[in-house]
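Hi,

Here is the structure I promised to pass on.

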Amino acid sequence: MILGVTSLFHQHAVKIKRQEAGWGYSLVLYGGMLGTIAVGLWANGKESVNGAMTAFGWVYNFMMVPLQGTMFAILAFFIASAAYRSFRARSREAAVLLVAAVIVMMGRVPLGEYLIPLSGDVSSWILNVLNASVRRAILIGVSLGAVALSFKIIFGVERSYLGGGKE
Amino acid sequence: MTFSERMLQIDRRIIFLVIGLCTLLPLLYPVGLPIKITSEVRGVYDYIELLPEHSVFLLSIDFDPASKPELYPQAIAILRHAFRKKLRVITMTLWVSGTGMADQLVTQVAKEMEKEYGKDYVFLGWSPGGQAVIINMGQDLYSAFPSDYGGKPTKDLPVLDSVRNLKDVTYMVSLGAGKPGVEEWYVFGKDKYKFEMGGGCTGVMAPGLYPLLRSGQINGLIGGLRGAAEYESLIGQKGKAVAGMDAQSATHFAIIVLVIMCNAFYFSLRQQRR
């Protein structure tokens with residue numbers, strides 16, 4: 001944590017000093033971070049004391065909660081825009097993915113199940129059978145890969161993580 | 001520039017407007033379409049329903065405000081169910097940024113259900129270590145959490161009477177938005193200390209947890225806002241999740257229509273070029 005905070009402060013201090021593009025945001029970051037640390041220490045890390053909201057609690061409830069919620073909410077807009085621009089059936093594989101996505105999207109909402117009653121069951125089958133088996137295969141593959149790599153590191157076969165080139 | 005080309009390069013602000021309206025209008029004018037209950041959500045509900053009174057129920061609220069719209073209604077519905085069944089409810093979080101939110105959530109539902117702190121429920125708060133906290137709780141709950149969120153010693157709390165570690169937990173649900181979450185609770189908790197568990201997660205995470213569900217490693221899965229709406233319907237207390245389902249229906253359909261439109265224009269353009 002100390003390393004992360006130091007690095008963040010250093011990076012933004014350089015930005016402010018050189019007045020690089022967007023240095024005002026770095027100033028906001030400094031203000032926000034120091035302010036939160038100060039009120040956090042003042043309130044001993046508590047959002048409320050005996051039912052009364054502390055300054056730290058105010059920062060948490062009225063700044064952090066809505067800001068994090070907003071960040072997550074705007075994803076829906078960007079996903080819709082990205083889907084319109086790039087979700088095209090350019091190949092057979094992409095077409096299969098597209099059809100599966102449309103079925104699952106329909107089957108996961110009441111309107112889809114209302115218009116096409118079968119979509120819920122088909123969506124459930126896709127998730128429970130196709131999705132689960134493929135995920136399991138990926139999981140087993142990744143785990144076996146991790147075991148193999150671990151053995152290579154333990155027995156000194158894989159040494160690239162230590163740096164340097166080939167002997 | 002042909003019509004198809006123009007449509008494929010449509011200003012993204014129009015798409016934003018469509019999504020915005022599809023979210024806003026159903027919230028203002030709800031339709032209230034029926035919600036079908038899936039076996040995944042029923043798994044969690046049925047298990048809690050069958051638990052005898054005063055069984056120890058652990059709810060780990062492993063998310064932060066970013067996932068509040070999907071997981072907060074899940075937590076409210078599960079807590080209402082557990083309190084109604086008169087279970088001994090232990091709540092905690094593995095996400096430091098979710099501590100304040102979790103405290104508010106537990107306090108709000110307990111107040112609504114007229115439950116007494118320390119006797120009927122406890123909020124242990126957050127302890128550093130992620131999955132190490134789960135292992136520590138498995139060995140000795142009081143060394144992982146010597147005091148609760150309010151600073152009271154946990155050993156003196158009647159709700160934790162005869163609870164020494166995770167082996168004494170009857171049922172556990174992790175509502176996770178990432179790591180540590182459902183998977184960590186299974187690997188470091190259930191698998192080692194042999195308690196039954198269910199999971200809840202955001203909609204995008206749900207497909208990734210199906211292998212755990214299908215192999216019986218978790219006995220139920222509440223996925224996203226839809227899962228929360230199903231749980232609200234099961235307990236007969238409709239809340240924010242059911243209210244949000246119309247908006248979700250509309251936005252899903254808007255995206256489906258947009259994808260179909262873009263493919264139609266794409267193929268029309270491809271044919272024109274041939």
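Let's start with E114(B), which sits in the loop between α5 and β3 of chain B (helices are DSSP runs of H or I with at least four residues, strands are E runs of at least two, and both are numbered from the N terminus). Its phi is near 55 degrees, a positive value in a residue other than glycine. E114(B) counts as exposed because it has 8 C-beta neighbours inside 10 Å (buried takes 20 or more other C-beta atoms within 10 Å of a residue's own, exposed 12 or fewer, partly exposed anything in between, with C-beta atoms placed from the backbone).

Quick background: this is a predicted model, where local features need pLDDT of at least 70, side-chain atom pairs count only at pLDDT 80 or more, and totals for chains, interfaces and linings use all residues. Residues are numbered from 1 along each chain as its sequence is written, while chains are lettered from A and ligands numbered from 1 in the order in which they are written.

K86(B) also has a positive phi, about 60 degrees, without being a glycine. You'll find K86(B) in the loop between α4 and β2 of chain B, and it is partly exposed, with 15 other C-beta atoms within 10 Å.

Then there's strand β2 (residues 88-93) of chain B, where six of six residues are buried. It runs parallel to β3 (residues 121-126) of chain B, joined by four bridges (strands pair if DSSP finds at least two bridges between them). T91(B) has F123(B) as its bridge partner in β3(B).

Cheers
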